[in-house]
Amino acid sequence: MSSRGPQPISRNLHVVLKNHKGAVNVARYAKGSAKYILTGGQDRTVRLWNAASGAEIKTFAAHGYEVLSVTVAHDNAKFGSSGGDRSVFIWDVATGTTIRRLSGHMGKIHAVEFNEDASVIASGSYDSTVRLWDLRAQSRQAIQTLEEARDTIQTLHVGPTFVIAGSVDGHVRTYDLRKGELRSDFLGHPVTSVVPTQDATTYLVTTLDNHVRLMDMGTGKMLNDFSGHSNESYRCRACFGYGEATVLCGDEKGLIWAWDLLDAKVMPPNPPPKAHHKVVTWTEHHPIDMSEYVTASADGTVKVWKAPSTDSTE
């Protein structure tokens with residue numbers, strides 16, 4: 001890395017994943033070397049793709065309504081999904097079938113997230129609750145229900161001892177499950193995505209006022225503010241770029257924006273080129289690869305972006 005700041009993000013389209021019919025709401029990398037991507041969409045399916053070739057490996061069809069969220073277990077053996085069904089679906093990747101369906105929410109489920117070892121899954125719903133489910137227990141009931149939010153839960157993060165929930169009521173709530181404490185940060189606009197840094201000292205939050213903000217997790221103070229993009233109506237999930245040196249977010253015009261984390265300046269070009277025909281619903285950076293990231297869109301496509309390979313062995 002040069003001292004001139006972070007590397008610009010790759011604008012090179014590597015491959016397009018285009019078998020979904022209708023909007024794609026989420027795209028998640030597999031864990032580990034992350035050679036695979038799981039996507040969920042309006043067509044009620046979850047699809048597994050080879051990120052390098054763009055080939056679809058498997059379709060997971062059991063949802064009766066659109067899929068809004070996907071979470072991948074640490075060992076890639078199973079994943080969770082949710083959406084309009086009001087149940088959390090737990091899938092076995094190898095067989096392509098559901099192992100469990102967890103019901104209890106009274107409305108569509110916008111977010112599901114595993115904990116570190118996939119023994120617990122959290123779900124956040126239109127019914128404004130977060131439910132925690134113990135996957136090792138025989139009981140089909142939630143082990144805990146968090147009811148502080150006053151509107152839809154749009155986003156979740158599950159840490160080792162805490163759960164972060166972002167709601168349309170404008171709050172990001174951090175539940176310390178060990179101490180039984182709750183900290184609430186009021187953003188003032190509907191919260192649609194929350195992504196913490198790896199050290200869990202700060203988090204990135206997107207709100208429906210055309211802003212992404214970096215917040216201090218301990219104090220709730222805003223550390224930085226990223227803007228320029230258009231995001232007032234839809235969940236456009238932001239993420240950190242490689243090494244957490246940049247911030248990436250797709251917007252409602254189909255553009256993918258990048259900012260320098262430290263000075264919050266838009267990384268050129270400003271404005272960025274059009275990447276999708278409709279709203280970019282999800283942006284996720286590859287966990288290891290320096291240049292690779294994936295975007296999902298309401299235009300029905302998922303795009304993998306990465307620097308052109310100079311290595312002939314790839």
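The structure is a predicted model, in which local features need pLDDT of at least 70, side-chain atom pairs count only at pLDDT 80 or more, and totals for chains, interfaces and linings use all residues. Residues are numbered from 1 along each chain as its sequence is written, and side-chain values use heavy atoms, with hydrogens and water left out.

The secondary structure consists of zero helices and 27 strands, assigned as DSSP runs (helices: H or I, at least four residues; strands: E, at least two). The radius of gyration of the chain is 18 Å, close to the 20 Å given by the globule rule for 314 residues, so the chain is as compact as a globular protein of that length. The radius is taken over C-alpha atoms, and the rule is 2.2 Å times the number of residues to the power 0.38. Along the principal axes, the C-alpha atoms fill a box of roughly 50 × 45 × 30 Å. Among contacts (heavy atoms within 4.5 Å) between residues at least 6 apart in sequence, 42% join residues at least 24 apart.

The count of disulfides is zero, a disulfide being a pair of cysteine sulfur atoms within 2.5 Å. For C236, the nearest cysteine sulfur, that of C249, is 5.8 Å away; C236 is buried, at 0% relative accessibility. The sulfur of C239 is 8.2 Å from the closest cysteine sulfur, in C249, too far for a bond. C239 is buried, with a relative accessible area of 3%.

Terms used: Buried < 20%, exposed > 50% of the residue type's maximum accessible area, 1.4 Å probe, protein only.
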